[in-house]
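This briefing is for a reader who is meeting the structure for the first time. Please look over the sequence and the model below before reading the points that follow.

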Amino acid sequence: MSKVTVVGAGNVGATCVNAMAIRETAGEIVLLDIKEGLAEGKVLDMYQTSTLMDFDTNLLGVTNDYAKTAGSDVVVITSGMPRKPGMSREDLIGVNAGIVKDVVTNILKYSPDAILLIVSNPMDTMTTLAQKVSGLPTNRVFGMGGALDSARFRGYLAKALGASANDVDGMVIGGHGDTTMIPLVSKASYKGVPVSEFLDEKTLGEIAAATMVGGATLTKMLGTSAWYAPGAAAARIVESIINDEKKVFPSCVHLEGQYGQDDLYIGAPAVIGRNGAEKVIEINLNETEKAAFAKSAEAVRNTNKILHEIGAL
Ligand SMILES: NC(=O)C1=CN([C@@H]2O[C@H](COP(=O)(O)OP(=O)(O)OC[C@H]3O[C@@H](n4cnc5c(N)ncnc54)[C@H](O)[C@@H]3O)[C@@H](O)[C@H]2O)C=CC1
Ligand SMILES: O=C([O-])CC(=O)C(=O)O
């Protein structure tokens, strides 16, 4: 029976567990939080939907009791502070680095064979930190960002097209930041047909810009950052791992020469299966996209440097 732990019973963590419970992604799901009773309460509430939503997933909520997470196949790390309106994701590094480091250390004591999926922001840098702290092979530590950004991109495109979002394909690569993500407009399609055959350049530019600040737009509306799509995106990635689906999700993966970058965690399309981020797919980028990727990589490297400055590494 597969076991998944989600650390952080806040908005994203609880939403992720809820989506996985309803879809029966794993036999057992543990939700852990540092705040007394929070995970227990959320899990009890979710359990009470099982006869309504017709699922049988075993759910357990715990307060900081890592022994209960033992033997997890996948661990999703959502613990940490979300941003408030006006903040960038990078502003969270000081608080979240300590939390992520602590959580990874505790998780490894009980689940040395787990695959770690990092959600906490700034996600590219927190993924880098988690891999370094854990010392796990890079395929077993990766981050969720591109799956969410791509879902938003597809949504914005679908609205402009008047189409079903499920008929629209599109990917966002690069860093998971307001200025670092790269919506691949040139590769986006509607039923396999390039979107440029339906939408003019100006509209496509506006869609790309809206996608990049998708998280900030929601943060302004909600007063804290989003959770439904982030929780669903993490849940869907876990499902691809548990069922060894080999689905491709743009994810924060370790580049070793691909896209002109070496030893860097950043968003790129990857095959997700039982061994985690199993393969990075290198697609041809046009000159503008190549330049944007190099710029994005430089920005992520600069944020990573802060880990040393604050003594997290
Ligand atoms: N990568 C992505 O695409 C996304 C990332 N995020 C990030 O995910 C993180 C969580 O966001 P929300 O769930 O909205 O925040 P939230 O504030 O609702 O939940 C965070 C939870 O973490 C818990 N926590 C803090 N320190 C902990 C520790 N040491 N051990 C265990 N639990 C601990 C808190 O008690 C709280 O319940 C934020 O950093 C946010 O920026 C959010 C959305 C998308
Ligand atoms: O915007 C934020 O801070 C949270 C996040 O990463 C997202 O929703 O994309």
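Strand β10 (residues 189–190) is joined to β11 by two bridges, and the two strands run antiparallel. The model is predicted.

- Three strands form an open sheet in the order β7-β10-β11, with antiparallel pairing.
- The edges are taken by β7 (168–169) and β11 (193–194); each has a single partner strand, so one side of each is left without a neighbour in the sheet.

- Strand β12 (residues 247–256) and strand β13 (residues 262–273) run antiparallel and are joined by 10 bridges.
- Lys 247 stands opposite Ile 272 in β13.
- The hairpin of β12 and β13 has five residues between the strands, and in this hairpin Gly 257 takes a positive phi near 110°.
- β13 also pairs with strand β14 (residues 276–280), in the antiparallel sense, over four bridges.
- Gly 276 in β14 is the bridge partner of Gly 273.

- The domain assignment of the protein chain gives domain 1 (3–145) and domain 2 (146–309).
- Taken over C-alpha atoms, the centres of domain 1 and domain 2 are separated by 21 Å.
- Contacts between the domains involve 40 residues of domain 1 and 42 residues of domain 2.
- On the side of domain 1 that touches domain 2, at least two residues come from each of α1 (11–23), β4, α4, β5 (115–118), α5 (123–134) and β6 (141–143).
- By class, that side of domain 1 has 20 nonpolar, 12 polar and eight charged residues.
- An unreviewed UniProt entry carries the annotation "domain: Lactate/malate dehydrogenase C-terminal" for residues 148–302.
- Over residues 148–302 the chain is 43% helix and 25% strand, with 23 Å between the end C-alpha atoms.

**The shell around ligand 2**

- Ligand 2 is surrounded by residues including Pro 82, Arg 83, Arg 89, Asn 121, Leu 148, Gly 215, Thr 219 and Ser 225.
- At least three residues of the shell come from each of domain 1 (3–145) and domain 2 (146–309).
- Helix α8 (residues 214–222) gives the most to the shell, with three residues.
- By class, the shell around ligand 2 has five nonpolar, four polar and two charged residues.

**Annotated binding-site positions**

- In an unreviewed entry, UniProt lists Arg 83, Arg 89, Asn 121 and Arg 152 for "binding site".
- Arg 83 is found in the loop between β4 (74–77) and α4 (93–110).
- Arg 83 counts as partly exposed because it has 18 C-beta neighbours inside 10 Å.
- Not counting residues up to four places away in sequence, Arg 83 touches Ser 88, Arg 89, Asp 91, Leu 92, Asn 121, Thr 219 and Ser 225.
- Arg 152 is found in helix α6 (residues 146–161).
- Arg 152 has 26 other C-beta atoms within 10 Å and is therefore buried.
- Leaving aside neighbours within four places in sequence, Arg 152 is in contact with Thr 211, Gly 214 and Ala 229.

Definitions and conventions
Residues numbered from 1 in each chain as written. Chains lettered and ligands numbered in written order. Predicted model: local features only at pLDDT ≥ 70, side-chain atom pairs only at ≥ 80, totals over all residues. UniProt positions renumbered as here; feature names shortened; annotations may be inferred. Buried ≥ 20, exposed ≤ 12 C-beta atoms within 10 Å, placed from the backbone. Contact = placed C-beta atoms within 7 Å. Near = placed C-beta within 6 Å. Nonpolar A, V, L, I, M, F, W, Y, C, P; charged D, E, K, R; others polar. Domains from an automatic or database assignment. Pairing = 2+ DSSP bridges.
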